[in-house]
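This briefing concerns the nonpolar cores and the pockets of one protein model. Please keep the sequence and the structure in view while reading.

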Amino acid sequence: QAAQGVVPPEVALQGAADQFRTLLEPAPKDSLWVQSLQRKLEKLPAIPAERRAALIAQATRAVQQSVNPGYQRLLADVQRLQARRLGNRGVWALPQGKAYYDAALRWYTSTDLDADAIHAVGLEEVARVEKLMDARLVQLGLREGSVAARVQQLRQDPRYLYADTDAGRRELLGDIEQRLRDLDPILPTWFGHLPPQKLVVQPVPAHMQKTSPGGYYYPPAMDGSRPGTFFINLGDIESNTRWSIPTLTYHEGSPGHHFQISIGQTLTDLPLLRRSLNPSAFSEGWALYAEQLMAEAGVYKDDPAGDLGRLQAEMFRSVRLVVDTGLHRKRWTPEQAATYMQEKTGMKPSDVGVEINRYLVQPGQASSYKMGQLQLLALRERARRELGTRFDIRAFHDLVLGNGAMPMTVVAQAVDGWIAAGGGDPRRTP
């Protein structure tokens, strides 16, 4: 790729170089690869000790003679690219970068909107959500300063912080589990089909905390032997406030990723690809849609701080539209993008930096969340308008989730067919 003029941003090169150095630092016998083999062999007592020792020796030689030299060559190649000091620029700076970014946006957003149009959508959404956030902050007694500054103030409010102790972490896990239990009587009024797989909440393992996001969903096993799991990162306890946790729970757990992915696994009459593939605009768009759906269901009626957390999360996804297109089409610098994100979201500068680096190396993906959500909302309103009294929100959700993972263009076709058929019980489309 470099020979064709396609070189990653410097931040990506630095990250790769750091990883290579980390892998090369231990002696071959202590390498990640040999230690991994050692742990696996220890779980196989049927293999004689002598044979295990021979396998470890063979692996050690392989690391010394082949693996490490390969990583040393990779490191040298990366260092040669770093020496060119090409900076951190969007794909606009690469050969045919415009065409590449247009294709990336089509793939990730499942629309034919160009970068300028998506940028404009982002600006409109930022302005809309900012007004809603301001109203919630006023309701919470925070009237002075920008929206972002007041969000930062709220983040430091002791009333909303969990103690940085084992007891504080247990309390946080308990609050998440209670939020999920509180949904039990609510969800059947919004969904005809609930996932049969259980959802459990687990902390991210300590050794993974530094490199893991704030929370993520791990799907159940296809054979039912493992439940769906919402992993919450308790490493930086201050990042988990009482007003931000509810929205994260609905996004990663129910009715967000857990509903969409788990229900998809149950559709055994569909091809495996449609039961397991998750196009970003569909999966992330659904999870963001689920955040708003829970607000519509009334979970925040006595919790304005929690609703602010929802709006702050929506602002974050709206800003992504502006920043992603800004970096890759408007020729924004990373510093310019970071300043905009900080001013609109009130996020911690360190978290903003991680986000900007992510957008630089994965053009278009950050735009999928909000664009997917907006398309789902538009389809729902079209169905509500055209079906009138025949519109059933439970049937609509069963239709969207009951066809497996699809590009949003195909979701739109399914909804159109459902409307033409007069609504009612949805039929899976081929």
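Contact here means heavy atoms within 4.5 Å. The model is a predicted one. Its largest nonpolar core has 47 residues, and about 1600 Å³ of space lies in its largest pocket.

**Nonpolar cores**

- Within the largest core, Ile 232, Phe 396 and Trp 418 have the most contacts.
- Two or more residues of this core come from each of several elements, among them strand S3 (228-232), helix H7 (166-182), helix H15 (368-387), helix H16 (393-401) and helix H17 (408-420).
- Helix H11 gives the largest share of this core, seven residues.
- Leaving aside residues up to four places away in sequence, Phe 396 touches Tyr 289, Leu 376, Leu 379, Arg 380, Ala 383, Phe 391, Val 415 and Trp 418.
- A second, separate core has 30 residues, including Val 151, Tyr 160, Val 352 and Tyr 359.

**Largest pocket**

- The lining comprises 45 residues, and Pro 213, Gly 214, Gly 215, Phe 316 and Glu 355 lie nearest the centre of the pocket.
- Elements that give two or more residues to this lining include strand S2 (215-218) and helix H14 (349-361), while the largest share, six residues, comes from H12.
- By class, 13 lining residues are nonpolar, 19 are polar and 13 are charged.

**Second largest pocket**

- This pocket holds about 470 Å³ of space.
- It is lined by 22 residues, of which Val 6, Val 7, Pro 8, Val 91 and Leu 94 are the closest to its centre.
- Helix H4 (97-109) and H14 are the elements that give two or more residues to this lining.
- The lining has 14 nonpolar, seven polar and one charged residues.

How values were computed. Residues numbered from 1 in each chain as written. Predicted model: local features only at pLDDT ≥ 70, side-chain atom pairs only at ≥ 80, totals over all residues. Heavy atoms only, no water. Core = buried A, V, L, I, M, F, W, Y, C linked by side-chain atoms within 4.5 Å. Buried < 20%, exposed > 50% of the residue type's maximum accessible area, 1.4 Å probe, protein only. Helix = DSSP H or I, 4+ residues; strand = E, 2+ residues; numbered from the N terminus. 1 Å grid on protein atoms, 1.4 Å probe; cavity = no way out; pocket = protein on both sides within 12 Å on 5 of 7 lines; lining within 4 Å. Points joined across faces, edges and corners; volume = space filled by probe spheres on them. Nonpolar A, V, L, I, M, F, W, Y, C, P; charged D, E, K, R; others polar.
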